[in-house]
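Please read it alongside the sequence and the structure shown here.

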Amino acid sequence: MARVLADTAWPAVPPGVLVLVPVGSTEQHGPHLPLDTDTVVAHAVARRTADALAPGPHGPPLVAPPLGYGASGEHADFPGTVSIGHDALRVVIVELARSLSRWAGRVVFVNGHGGNTATLDTALGLLRAEGHDAGWTGCEVPGGDAHAGRAETSVLLHLAPERVRLDAAVAGDTRPLAVLLPELTSRGVRAVSPSGVLGDPAGASAEEGRRAAESMVATTVRRITAWTCDARGRLTDPAHPKAVRR
């Protein structure tokens with residue numbers, strides 16, 4: 001099982017160890033998924049990645065407590081959403097990495113919320129410019145719908161089935177995210193989808209979620225192992241033309 005930082009006494013923390021920091025959100029995920037869906041996914045991917053990675057020279061990776069608040073302003077019109085915004089999130093990420101770097105080796109932020117992307121780019125770009133050995137990667141389901149649809153519902157059915165309310169699931173706006181994005185940015189999710197769903201949960205299954213989770217973990221393991229970063233601190237696949245190894 002993954003070594004969990006919060007369960008560890010300080011003498012058992014090896015200097016130079018790789019630390020994974022899950023980053024999620026507290027925001028609406030339709031009428032059928034919990035508010036911490038993104039955090040649950042990021043935390044699970046980080047733990048399973050830690051299990052799958054070969055131990056480094058300083059021992060197995062450590063998984064830090066998840067950061068459960070993110071930049072979720074587009075969901076602010078839904079009760080339950082708690083957003084700290086881009087500025088506060090950037091400061092938190094930067095200070096977390098600076099603090100971790102006093103004793104850790106590499107630091108990887110494992111992100112479960114798309115709304116955090118721009119902030120992670122800015123924060124990790126700054127951290128790498130300061131010389132910190134840090135990067136970030138996202139938990140994406142290839143071909144998945146935008147928010148609280150079939151992809152996320154399937155993943156939660158795999159990770160936490162007791163927390164999914166399938167009887168309350170409804171279809172939302174099913175247009176591709178690229179089409180929806182300008183309206184989401186200007187008006188927020190509720191103006192586009194009163195239910196908060198962007199996609200359609202119909203057909204979701206735990207088996208589909210298992211395959212998606214395995215894919216996310218495999219991608220995260222591959223990127224951390226290769227350790228190729230772009231200018232924004234994104235860990236990328238080794239063959240990516242703009243990636244640089246450091």
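A nonpolar core is here a set of buried Ala, Val, Leu, Ile, Met, Phe, Trp, Tyr and Cys residues joined through side-chain atoms within 4.5 Å, where buried means under 20% relative accessible area, with a 1.4 Å probe and protein chains only. This is a predicted model, in which local features need pLDDT of at least 70 and side-chain atom pairs count only at pLDDT 80 or more, while totals for chains, interfaces and linings use all residues. Residues are numbered from 1 along each chain as its sequence is written, and side-chain values use heavy atoms, with hydrogens and water left out.

**Nonpolar cores**

- The largest nonpolar core has 30 residues, of which Leu-20, Val-41, Val-45, Val-108, Leu-156 and Ile-224 touch the most other members.
- At least two residues of this core come from each of α1 (37-52), β4 (107-111), α4 (150-159) and α7 (206-226), with helices (H or I, at least four residues) and strands (E, at least two) taken as DSSP runs numbered from the N terminus.
- A second, separate core comprises 24 residues, among them Leu-5, Val-107, Leu-124 and Trp-136.
- Leaving aside residues up to four places away in sequence, Ile-224 touches Leu-18, Leu-20, Thr-49, Leu-53, Val-108 and Leu-235, contact meaning heavy atoms within 4.5 Å.

**Positive phi values**

- Most residues other than glycine have a negative phi.
- Ala-148, although not a glycine, has a positive phi of about 65 degrees; this residue is placed in the loop between β5 (134-138) and α4, and is buried at a relative accessible area of 0%.
- Trp-227, likewise not a glycine, has a positive phi of about 50 degrees; Trp-227 lies in the loop between α7 and β6 (228-229), and is buried with a relative accessible area of 2%.

Technical notes: Buried < 20%, exposed > 50% of the residue type's maximum accessible area, 1.4 Å probe, protein only.
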